[in-house]
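Hi everyone, thanks for making time.

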Amino acid sequence: MAGAACEPVARPSLTSISSGELRSLWTCDCELALLPLAQLLRLQPGAFQLRGDQLVVAGPGEPAAARGGFNVFGDGLVRLDGQLYRLSSYIKRYVELTNYCDYKDYRETILSKPMLFFINVQTKKDTSKERTYAFLVNTRHPKIRRQIERGMDMVISSVIGESYRLQFDFQEAVKNFFPPGNEVVNGENLSFAYEFKADALFDFFYWFGLSNSVVKVNGKVLNLSSTSPEKKETIKLFLEKMSEPLIRRSSFSDRKFSVTSRGSIDDVFNCNLSPRSSLTEPLLAELPFPSVLESEETPNQFI
């Protein structure tokens, strides 16, 4: 009994999930996920393509974007197999918002599709061996969505009419997933933040950095790495289902928003987990804020 109690907790991996079990999973059962970026590119050629020195993400005007896709967060560059690629159609990890229209569009956009971040992992024994992973955040999952919405709601209620900065961080969840001996070398890529600058005459809390908040998002990480052709096909279908476009139950822009009225925000987003019927409204194309730029194995075998 004592020996059993000391056994390490099993990490989630496809080695313990059969193809049939994965196929039967609802996408809402997946909170967070990791898979090699090279594998994601092969499984989702309609959403991501390598063209020369550029990693092209399906933009608002492309058919793949109308079918769904991912919200890619980054700083403009991604390193894959030692080579740097420029990103297109991504959301900056840090943006500034100056009015509530910007805020509402930003909030609706980041929750409209699964989030995707790029990270690089090395082994401590051999730092020359590095692998690039895609980290997926399923914003359709109630647990994940609730943490993001609650973080945004709580900061608004605590800084009425004042400027503030809010950051969402996934580093802890990812670092705990990888086995000892592996290191995420660019952990800062696993976060995004926005800063709301209110037109306040005296913004003392903001000036002294007292209105900065960090939300550490927690969740179970699913390993979507596999060398099995059957499982790869299942993962492909799973990713396509996860990235289906969402239905907007009502037009967010038609609603009035007040910093003192949290109910209006909750009414818009609660239970909004069904596929979107209108495929003619690419969210990224509507953004008025400067955040979008157009330009196989088990866990121990990650590296």
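What we have here is a predicted model, and over residues 1-20 the pLDDT stays under 50. For that stretch the model has 30 contacts beyond four places in sequence. Residues 249-301 also stay under 50, and there the model has 125 such contacts. How should we treat those parts? Where pLDDT is low, the predicted coordinates should not be read in detail.

Across the protein chain, pLDDT averages 74, with 63% of the residues scoring at least 70. Element by element, strand E4, residues 71-74, has the highest mean at 96, while helix H10, residues 262-269, has the lowest at 32.

Okay, on to the inside. The largest nonpolar core is made of 39 residues, and Phe170 and Tyr194 have the most contacts inside it. Which helix gives this core its largest share? That's H6, residues 142-158, with five residues. If you click on phenylalanine 170, you'll find it touching Leu32, Met115, Phe117, Phe135, Val137, Leu190, Phe192 and Val217, leaving aside residues up to four places away in sequence. There's also a second, separate core of 28 residues, and Val78, Tyr85, Leu87 and Leu136 are among them.

Now some strands. E2, residues 48-51, pairs with E3 in the antiparallel sense over four bridges. The two strands form a hairpin with two residues between them, and glycine 52 in that turn has a positive phi of about 65°. Arginine 51 has glutamine 54 of E3 as its bridge partner. Glutamine 54 also stands opposite arginine 86 in E6. E6, residues 83-87, runs parallel to E3, and two bridges join them.

So what about the two faces of E3, residues 54-57? Both are covered: Gln54 and Val56 are buried on one side, Leu55 and Val57 on the other.

Last stop, helix H9, residues 229-242. With 14 residues at 1.5 Å a residue, H9 should span 20 Å, and its end C-alpha atoms are 20 Å apart, so the two agree. Which residues of H9 are buried? Thr234, Ile235, Phe238, Leu239 and Met242. Looking down the axis of H9, those buried residues fall within an arc of 140°, so they line one face of the helix.

Methods: Residues numbered from 1 in each chain as written. Predicted model: local features only at pLDDT ≥ 70, side-chain atom pairs only at ≥ 80, totals over all residues. Heavy atoms only, no water. pLDDT = per-residue confidence, 0-100. Contact = heavy atoms within 4.5 Å. Core = buried A, V, L, I, M, F, W, Y, C linked by side-chain atoms within 4.5 Å. Buried < 20%, exposed > 50% of the residue type's maximum accessible area, 1.4 Å probe, protein only. Expected span 1.5 Å × (residues − 1). Arc of directions from axis to C-beta. Pairing = 2+ DSSP bridges.
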